[in-house]
Every structure is written in C-alpha cells, then in structure tokens.
Amino acid sequence: MKAQGASSDPLEILLARLLHHGTMAASGLIAAGLALSLVSGPMGMGMSIATAGIALFILLPALRVATMLIFFLRARDYRYGAIAGLVLLIISISFFVGTR
Amino acid sequence: MPIGLELWLFAVALGTSMLGGVLGMASGIFIVPILTVFGRLDIHSAIGASLISVIACSCASAAPFLKERLTHIRLAILLETATTSGALCGVFLAGLVPTNYLFLLFASILLLSAQQMLARRKDRDDSSSVRRLPLGMTLMYGAGLISALLGIGSGVLKIPAMDTALRLPIKVSSATSNFMIGVTAAASAAAYFARGEIVTSLAAPIALGSVLGALLGARILMKVPNEKLRLMFIAILVILALQMALVGFGINLIGPRS
C-alpha cells in the first residue's frame, strides 16, 4: 500500500522549521552586525549586516506565505493557493508603494 | 552611537516581549509608549522599530504552537487577506494622520486592551452558534489598519474577532492570532523599510531583545501566578494610556520633548 504524499512533511512542520531557522538566521545576522559595529565603529560594515538581518525578519513572514502557496498548489488545493497568492501580492504591493 | 541606548532598547524589548508572551499580548503595545514617553523618540521611528519587534516575537514563538497543531493555518491565511489589506491602507494613512492624533489613538487602544484584560476571555459552550465570517473579516481589516498606523500587533482587535465572531477555543485563537501578527506587521514593515523609515540602530537591539524575550516568555507561561500580574498590567496599561493621551495634548510629564 502506498501512502499518498508521503514524501512531504505536513504543512505545520514545514512552517515551524522555516520560522525557527529563519528567526535564528536573522537574529544571528543582527547580533554579528551589532558586535562588528561595536568593534569597528558605526561607519563600518556592521550596520549593513544588521540591516540585512532586519530585512530578513521582514521577509520571513512573506517566505512563510510563499511556502504555504507552494504547498497548496502541490496539494492541488487551488482555492487556498489563490488566497495565499493574494496575501503575497498585497505584501509585495506594500513594498513597492514604499519604494516610490 | 552610545552603547547605553542599545542596551536600554534591548532590555525594553526583552522585558516587554517576555511579558507579552506571558499575558498573550504583542510587545508593540508596550514598546511604542515606552520609547516615545520615556525614551523621547519620535513616534514614527518608534513605530518602525516596534513592527520589527512584533514580527520577531511572532516568528520566534510560532514553532511550538504549530507543532502542537494549535494554529488554524487555513483560517489564518484567509483572515490575512483582510489584515494585510488593512495594513496596506494604514501605510497610506500613516503619513497623513497628525502625530498628536496617533498618540490619542494609541491611548484609546491601550484603554481598550485594559478593558479586555479586565473582562477576561471565556470559552463559550453554546456550540450551536454560527460563525460570523464577514464580521470577523471586518474586525481583521481594522486590526491590520491599526497595526500599520501604530506599530502594534493589534491583538486587541484580533482576539475579539476570533473569540466572538469566529467562536474558536482560546488556545487556538491565541496561536492563530500570534501566527497572523507576523504577516500583518510584515505587510506594513515592508513599506516602511522601503521608505527608509526603519532605523537599524533602534530596530536591531529591539529585534534581538524581542526574540530572547519571546522564547523566555513561552517557557515561564505556565509557572507565573497570573492573577496579580494581570491586575498589575491593567494598571500599567491605564497609566500608559493617560500618559500617551497627555502627550497627544502636548504635555509630557516624564520629561520635555526635544
């Protein structure tokens, strides 16, 4: 007997893993950046690294929605795929509104 | 930059995120008043930094809820269409609303939170009642709008939407609300970040403090006697509300605004 979709983990586990590792990566960047700016002064690379960490934090929820989008599409759940796509679209619009 | 300021920001974020976790509220509702009233920071910088704290707390604390299957993922993404739309609208409004109105709006949200904490949440046993999705979506749109304007998670509007309009059990609605808060805050933070309104020197120590606070808060959630803490925080919310209202009217008792 073949289990359907046995290759993929449940969505909960995928999202938990993404958010956990993403939080650690973003915090790591910010901590490294702050430490560097303490050593080499505020004009050095440190603040750019910390800014990258902050950008990753803002990106993380969007990545979470993108993961859901892919998961729903793979499961042929097109209704929820469209809903996730809409949320992703709104976040993108917000970013581009800010750049103008 | 003085390291004292960074340490202070880190400590504020650590404390508020930890208490936020214990009380089931987002950290932003405490961070913005503390930064503006005590730190005398500009409210727009405080809102930007606070949004990062809200995202960090939501992301850091989501994993255990997901693993315990307490988060209603499908309902969350559905409601997120409303919260992110509200946030997008809030991003447009943020530049137009005068600063003193932001303080007054913040004061009323603080009072609403105090009232909500006083009332306490109860699981309903009338299982026959129907879910009211349109009402829930409308409240969620409002929550997104307020979140973008004030830099808070807007749990104060999400929780009644979940409890009353959608009739979810408390544990599920708390986990789902926490899950949604990150996406809602990211929708407005993306615009503020693109505009260059998120100040790294403020947001970086706050993000670190928030992650640590959220992780610690989840650990001590069960061990703290809740009743005294609850009453203490109702008092703090009311005091902060009064102080924010006074600043809204141009009076800062803590210190002169520079």
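**View 1. Where chain A meets chain B in this predicted model.** Here 41 residues of chain A are in contact with 43 residues of chain B. On the chain A side, three helices each supply at least two residues: H1 (11–40), H2 (46–74) and H3 (78–99). Look to H1(A) for the biggest contribution, as this helix gives 14 residues. Sorted by class, the chain A side has 30 nonpolar residues, along with nine polar and two charged ones.

**View 2. The largest nonpolar core.** This core has 121 residues. The members that touch the most other members are Ile54(A) from chain A and, from chain B, Ile52(B), Ile55(B), Leu110(B), Ala189(B) and Ala207(B). Helix H3 of chain B, residues 43–67, brings the largest share of the core, with 16 residues.

**View 3. A closer look at the surroundings of Ala207(B).** Leaving aside residues up to four places away in sequence, Ala207(B) touches residues of both chains. Its chain A partners are Ile30(A), Ile54(A) and Phe57(A), while Ile52(B), Ser53(B) and Ala56(B) are its partners from chain B.

**View 4. Helix H2 of chain B and the residue just after it.** Nine of the 11 residues in this helix (residues 28–38) are buried, so H2(B) is largely enclosed by the rest of the structure. You can follow the buried residues along the helix: Gly28(B), Ile29(B), Phe30(B), Ile31(B), Val32(B), Pro33(B), Leu35(B), Thr36(B) and Val37(B). Just after H2(B) comes Arg40(B), which takes a positive phi of about 55°.

Methods
Residues numbered from 1 in each chain as written. Chains lettered and ligands numbered in written order. Predicted model: local features only at pLDDT ≥ 70, side-chain atom pairs only at ≥ 80, totals over all residues. Core = buried A, V, L, I, M, F, W, Y, C linked by C-beta atoms within 7 Å. Buried ≥ 20, exposed ≤ 12 C-beta atoms within 10 Å, placed from the backbone. Helix = DSSP H or I, 4+ residues; strand = E, 2+ residues; numbered from the N terminus. Contact = placed C-beta atoms within 7 Å. Nonpolar A, V, L, I, M, F, W, Y, C, P; charged D, E, K, R; others polar.
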